[in-house]
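Please look over the structure below before reading the briefing that accompanies it.

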Amino acid sequence: MTTIHIDNRPYPAKDGENLLQECLSLGFNLPYFCWHPALGAVGACRQCAIKQFKNEEDKHGKIVMACMTAAKDGIRISIDDPEAREFRASVAEWLMVNHPHDCPVCDEGGECHLQDMTVMNGHIYRRYHGRKRTFHNQNLGPLVNHEMNRCIQCYRCTRFYREYAGGRDLDALVLRNQVYFGRHEDGVLENEFSGNLVEICPTGVFTDKTLKRHYTRKWDLQTAPSVCVHCGLGCNTIPGERYGTLRRIRNRFNGAVNGYFLCDRGRYGYEFVNSGRRVRQPLLRKNRTQLLQPASKRGALQHLGEMLSAGARVIGIGSPRASIEANFALRTLVGRDQFYLGISERDLRLLASVLDILKKGPARTPSLHEVELADAVLVLGEDVANTAPRLGLALRQSVRRQPEEIAKKMGIPLWNDHAVREAMQEEHGPLFIATLANTRIDDIATRTFRGPPAELARLGLTIAHALDPIAPQVPGLSNTAQALAGAIAEKLKAAERPLVISGIGCGDKAVVEAAANVTWALCNMGRPAELCYVVPECNSLGATMLGGGSLETALEAMNDAADILVILENDLYRRADAALVDRLLAAARHIVMIDHIKHATSAKADVVLPAAAFAEADGTLVNNEGRAQRFFQVFVPRGEIEGDIRGDTPRDIPGDIQESWRWMRDIMVVGRGDEGQWSSLDDVTAACAAAIPSLEPILRAAPSAAFRMDGQKIPRESHRYSGRTAMHANVSIHEPEQPQDLDTALAFSMEGYAGHPPPSLIPRFWAPGWNSIQALNKFQDEVGGPLSGGDPGEPLIEPTPGKKAAYFENIPAGFEPRVGEWLLLPLHHIFGSEELSILAPGIAELSVQPYLALNPEDASNLGLTAGDEVQLRLRPEADAQVDVKDAQVDVKADDSANVTTTAEIFRLPLRFEPELLHGTAGLPAGLTGMGNLGGVALPAWGELKKVEKGKQMEG
Amino acid sequence: MWNSLKTMWIVFLHMFHRRATIQYPDEKPNIPPRWRGRIILSRDPDGEERCVACYLCAAACPVDCIALQATEDEHERRYPEFFRINFSRCIFCGYCEEACPTDAIQLTPDFEMGEYNRKNLVYEKEDLLIDGTGKYPGYNFYRVAGVTIGGKNKGEAENEASPVDPHSLLP
């Protein structure tokens, strides 16, 4: 700490940090454009000009850019100096010269950094009346809208897109006052973090295209703190609602998790909440021959009550995409021994293994922020850019850690972004990527290695052995792999913060264990190694911690004569082989489905109850690092009543949608008469914490419903929220009462505490004079650091440091290509592999289509050329008996012209994947439209055959 | 006695004064054009809706009686999908007109809005939209703004240079 003098008053500051950041941290309103806490300073916009004085006597001073000046002890500066003010105002005026007269139709309006800064500078009247420069816009795909006229040339977009996120197809073109930020031609932005341009751009050049279709100003959105449900990382988000539909997702800064950025799947996947596939009212059928008919809530519950009171045995199947509370409520309803997790046996074993390794091993699991600090990384088996995209972005930062030493040696402060990048040139720190096929972060990798899971595991085990000779040795590894393992071991050993990343994405336990062996070998050497596992879903780890059997064991239990199967937020056909799910569903006399979307499993249910989606419910999710995070209800969902975006349905008619745990409670009430067991979420959370000691910290994930600030709740609506007395007036002139929130300390209202709430309850970032997302600065003690009061989330897993862990001794046999058979490997896709986001039109447009990937050599051996179709026949399992008629998926959206399904023979278009090993083939993982292939556990063996054009398939 | 006679005399003299009472509704009062009465939505000189659904009127409204939803036509011209004013809440303060950046929303001298049923005081866009420009003739926001709409491309708005060609190599 050092002392700086601002306008003749002393303030504490961090030595060597740039003055802009220090001034903002101290609470001064100093305008800026090009600087960003995550991107550093380049001094491009000349907006943060201040006066610097030589000493106390110096009254004249000189104008310097605050962002390019280091805070030194005793430095004397002035923000308020008239000359500095005038300078800043003239810069703003000059930047506004070509700025179009667009604010009323600009989506950034009302949360525009340029508007904020212009007002802050006092530039209120345009003196320039000359002609304005114009640009044509580009079509950048379904997610980001381009309006180039509004650009003020701050270079933030390309700095983020190219330098931070590693994109290549957006750049600055032309020169002088005609600089153009765009692609070389129209087209979808390739980088999966393109959505962040919306928040990075200080004005309206890049705006949210999905928001544009149902545009609402920031002040009109009802918002609440939430957590992304589209992968296992648990990025913090702020969803916004208006007139009963979800309008957009914004990043919610969490210094430990997502920081300033979200991936496009997380940002744009939200539209599944508005999807036509939503279940909005109970559906019921008395026998299987009928179709599901809409029913009233009372009718459905009565029917369930009759079913339950007959003394039937109930089996419950939970879900890794439902909250802890929902899963626990189901467990309470059916009893601990009848509760199953709704995860296939193999995946559950993998997850249990991950949990076990994290709990019992000496290595700690890093947060995403800590991943960015790692200086040598090994990625083993996980395609992080697709299964956990934000982790890929963190890795792009981690490879800067070692080259940063070059800049440090040259005395360049790390915030001086372009000087640091010039010093680093193309240097990257060690990052080794061993995966099934190529990944989108290969460009920063030191070395890559491709192979089927067994080979990846063998590589990992060899690295572990190279680090610690006690670790098991792998026999028969090729010399190149042996040499690579040695090189990786050297780099990991030399690193200060080595990190190993793996996951269950390639479906092999040996890979998970090999990653643990490498990390433990480093730990045993006394290195502070960290181990990060990627899990597939938002609550995979939470569900595993809750405990319960797999789908396969549920089938066994069903065969022991159970009557009722209650399935929670889970499409079982995505989890396991269709034949197995068919048998499971056929064994149940009654199937009760509680979910928010219709899918293949709910089509077979006898009772479907409408559950609340993430934005309509509260709950706790546990991410891949074991961090319990609370997500909050954003709005009260409307029911299945005629109504659309016009708000024809008053929102005080909540419809029948309610949280899954409330359905469970209602079922318990009608079935068993357990009156009044739980009345609010806190009751469920408390019961869960009491029943499962390892989940006890979830109580502290957020303040309880009784929490008040100055005796008031925290409003979900901004103080400027409009239309309250008119939005329902077309339905009823009598204004409805605000919905009451029994579950949280937030209120569905614009009234309440106006100051800063605790970090886990921040519904939006806003501060006087700061309407844009940059208002976040006011919520941090130190700009760029954690939120004031600490980053939200409670760790559930504490490592046991210093513990000597025994190595896993299981060594898989090397991969042997077979004649006539191919090992089918799962290839993940950021757009398409996830169940919910694919229901968002923007994501669906970018999704891959079903395919079968082969390396070109294998393809030509089969006589296949580009554009051909391949016939795939899965090697039949010993007990698989597929009823062809039943196996056909009868949900409309699942129909795909590309796949023809008959039992276990599939026809798929060919795609070349040059990096697939000989003897292996790739299939898109988790893609809808793959028919029965969707539930097949990959890797699996299958036969491939060329489909002759115009010829029917052979049986 | 004297006082009473004096009073009667004054009353008698008033018979010859100009009458202050207007025989409304038989006789219409003279209302200045800047009177803040019934709110209308005007059209631009080209006959298109002036409202661009910027939500500023709704934000400015102290009683929150304006609700609308923005949408766009096929050429990305933005307009309100619905626009509703609940006149049973409106206090005719005129803030909406002040906030309007396109001169679309205007208060008129019409104050005759009495209804027996409160519900009839809810005006939708069809009820609000008039055929003319109202008090402010001439202004057309889209002719000034930089966005492209049907019939107006980049560089065709007032005071705009023709668009830059990003592929040009000329300095």
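The points below cover a hairpin, a helix contact and some backbone features. This is a predicted model, in which local features need pLDDT of at least 70 and side-chain atom pairs count only at pLDDT 80 or more, while totals for chains, interfaces and linings use all residues. Residues are numbered from 1 along each chain as its sequence is written, with chains lettered from A and ligands numbered from 1 in the order in which they are written.

**Hairpin in chain B**

- Strand S2 (residues 66-72) of chain B is largely enclosed by the rest of the structure, because five of its seven residues are buried (20 or more other C-beta atoms within 10 Å of a residue's own; exposed means 12 or fewer, and partly exposed in between, with C-beta atoms placed from the backbone).
- S2(B) runs antiparallel to strand S3 (residues 78-86) of chain B, and seven bridges join them; strands here are DSSP runs (E) of at least two residues, numbered from the N terminus, and helices are runs (H or I) of at least four.
- Five residues separate the two strands of this hairpin, and Glu76(B), in the loop between them, has a phi near 65 degrees, a positive value in a residue other than glycine.
- Glu76(B) counts as partly exposed, because it has 15 C-beta neighbours inside 10 Å.

**Helix contact in chain A**

- Helix H9 (residues 324-334) and helix H23 (residues 681-691) of chain A pack at an angle of about 70 degrees, with their axes 10 Å apart (axes are lines fitted to C-alpha atoms, for helices over the stretch in contact, and angles run from 0 to 180 degrees between N-to-C directions).

**Cis peptide bonds**

- A cis peptide bond joins Leu938(A) and Pro939(A), with omega about 0 degrees, and another joins Tyr24(B) and Pro25(B), with omega about 10 degrees.

Conventions
Pairing = 2+ DSSP bridges.
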